[in-house]
Amino acid sequence: MVNDLGSYRDEFPILAERTYLISASLGPLSLRARRAATEHLDLWQRLGPEELWLAHGLPKLEQCRDQFSQIIGADPDEVAIVPSVSSGLSSIASCLDLGDRNKVVISDMDFPTNSYVWRAQQRRGAKLDFVSSPDGIRLDAGDLVDRIDGQTAMVNTNRVLFESSWIMDLPPIVEAAHDAGAFVVVDDFHGSGIVPVDVHELGIDFLLSGALKWLMGGQGIAFLYCRRDLIEKMQPLVVGWFGTKKPFDFDRSALDLRDDARRFETGTYTLPQAWTAAAGMEMILEVGVDRIRARNQELTSFLVEKVDEANLDLLSPRDGERRGGLIRVRVPGGRSNAERILHELFRHNVVLDQRGDALRISPHFFSTEEDIERCFEELQRFV
Ligand SMILES: Cc1ncc(COP(=O)(O)O)c(C=O)c1O
């Protein structure tokens, strides 16, 4: 269906050497991201801080902010640039009062860092209510909705579950949370850039995502979206000079946080990564999230066929509409065998990752059916 994406393969040198099917963990380095990184190094070599940061670095960050906003349907001033999802979520958590309203609804399918952040908030009075998956693959919106009540301060959910790639049905959760006066924070690391979203339409309060996986932008840059009408009410306890209105005034007489989402920004940025992040997101926007989604669905459907042919257990949704960017497949022999198989695959230039007794396979828009064929040829030799 989508047939001119093959031209992007030349952008990724690793594809000439290895069958790379793990953008869910780390997007591959592109030639344009490498050129961008070099551009930063060349500027750093030639310029002093004022010129490097003010004339080049901060505009590059604005480019990233703008690109990410387009990807999720936000306005740029609703997006803060943070070093990681963990730190962004900690900042959001620090804004909650947690007095009378102190319950946090979360699930055992969310990425562990989400739960660590909220467990730390137990010291400030948070009470965590964990929802379990019935089968380790899906998480029903109704099960979260049932836990939301007048005590609930926050509902923490991932839009696409990182292990199984189940796509959550968010609208009922948002509606129930808002009816109860609670906020919703969405960890979107496995959705942004590959499964279309419009944060305004969805009505969520906060969203977090990072550049290193599906956005192919390298490590050290993540994004925090905060709904416009909440921004000025949010008073994070995690702050720094770049979250203030006039950082270069060096005024220490007061804390004057910005009026936009940048109040969530703290200290010196991981600026070199802005160059690679912008290059990665440039490709996402060039190809288009809708097209990426369509191609990814074709490829993950093909993966499901291959899993069935190999008589292995699929630990991801069969329904393509509910399936995000990856599939997870159980291999016999438990976790240690899965680790062994993974390392055999590495030796034979097939790059995946492993979670417990299963392997995760995540094609991106530049992946092909041939990559998947090759992956399964090798996989079946070692299972
Ligand atoms: C869904 C999800 N959230 C959060 C993280 C971790 O984010 P960070 O390292 O930016 O805190 C990951 C994986 O690395 C993830 O898959």
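This is a predicted model: local features need pLDDT of at least 70, side-chain atom pairs count only at pLDDT 80 or more; totals for chains, interfaces and linings use all residues.
Let me turn to the overall division of the chain. The domain assignment gives domain 1, covering 5-21 + 289-382, and domain 2, covering 38-284. Taken over C-alpha atoms, the centres of domain 1 and domain 2 are 28 Å apart.

I begin with the sheet of 7 strands. This sheet is open, its pairing is mixed, and its order is β2-β8-β7-β6-β5-β3-β4. Which strands stand at the edges? They are β2 and β4, the latter at 127-131; each has a single partner strand, so one side of each is left without a neighbour in the sheet. From one strand to the next, the twist averages 20 degrees.

Within this sheet, strand β5, residues 152-158, pairs with β6 in the parallel sense, over 5 bridges. Val-155 stands opposite Val-184 in β6. Two helices deserve attention here. Helix α2, residues 49-72, packs on the sheet and touches β2, β7 and β8. The direction of α2 makes about 120 degrees with that of β2. Helix α3 also packs on the sheet, in this case touching β2, β6, β7 and β8, and its direction makes about 160 degrees with that of β7.

Which residues of α3 are buried? They are Val-85, Gly-88, Leu-89, Ser-90, Ser-91, Ile-92 and Ala-93. As for their surroundings, the buried residues of α3 pack against β2 (79-82), α4 (112-120), β6 (183-187), β7 (206-210) and β8 (222-226).

Strand β3, residues 103-107, is likewise mostly covered: 5 of its 5 residues are buried. In general, the side chains of a regular strand alternate between the two faces of the sheet. In β3, Lys-103, Val-105 and Ser-107 point one way, while Val-104 and Ile-106 point the other way, and all of them are buried. To β4, strand β3 is joined by 5 bridges, and the two run parallel.

Asp-353 has Arg-360 as its bridge partner in β13.

How do the two domains meet? In total, 17 residues of domain 1 are in contact with 18 residues of domain 2. On the domain 1 side, the elements that give two or more residues are α10 (289-309) and β10 (327-330). The largest share of that side, 5 residues, comes from α10. By class, the side of domain 1 that touches domain 2 has 6 nonpolar, 5 polar and 6 charged residues.

Finally, I draw attention to two backbone features. Phe-250 has a positive phi of about 55 degrees although it is not a glycine. Where does Phe-250 lie? It is in the loop between α8 (228-231) and α9 (272-287). Is Phe-250 buried or exposed? Phe-250 is exposed, because 7 other C-beta atoms lie within 10 Å, and a residue counts as exposed at 12 or fewer.

Asn-311 also is not a glycine, yet it has a positive phi, of about 60 degrees. Asn-311 is found in the loop between α10 and β9. With 9 other C-beta atoms within 10 Å, Asn-311 is exposed.

Thank you for your attention.

Technical notes:
Residues are numbered from 1 along each chain as its sequence is written. Domain bounds come from an automatic or database domain assignment. Two residues are in contact if their C-beta atoms, placed from the backbone, lie within 7 Å. Helices (H or I, at least four residues) and strands (E, at least two) are DSSP runs, numbered from the N terminus. Ala, Val, Leu, Ile, Met, Phe, Trp, Tyr, Cys and Pro count as nonpolar, Asp, Glu, Lys and Arg as charged, and the others, Gly among them, as polar. Two strands pair if DSSP finds at least two bridges between them. A residue is buried if 20 or more other C-beta atoms lie within 10 Å of its own, exposed if 12 or fewer, and partly exposed in between; C-beta atoms are placed from the backbone. Axes are lines fitted to C-alpha atoms, for helices over the stretch in contact, and angles run from 0 to 180 degrees between N-to-C directions.
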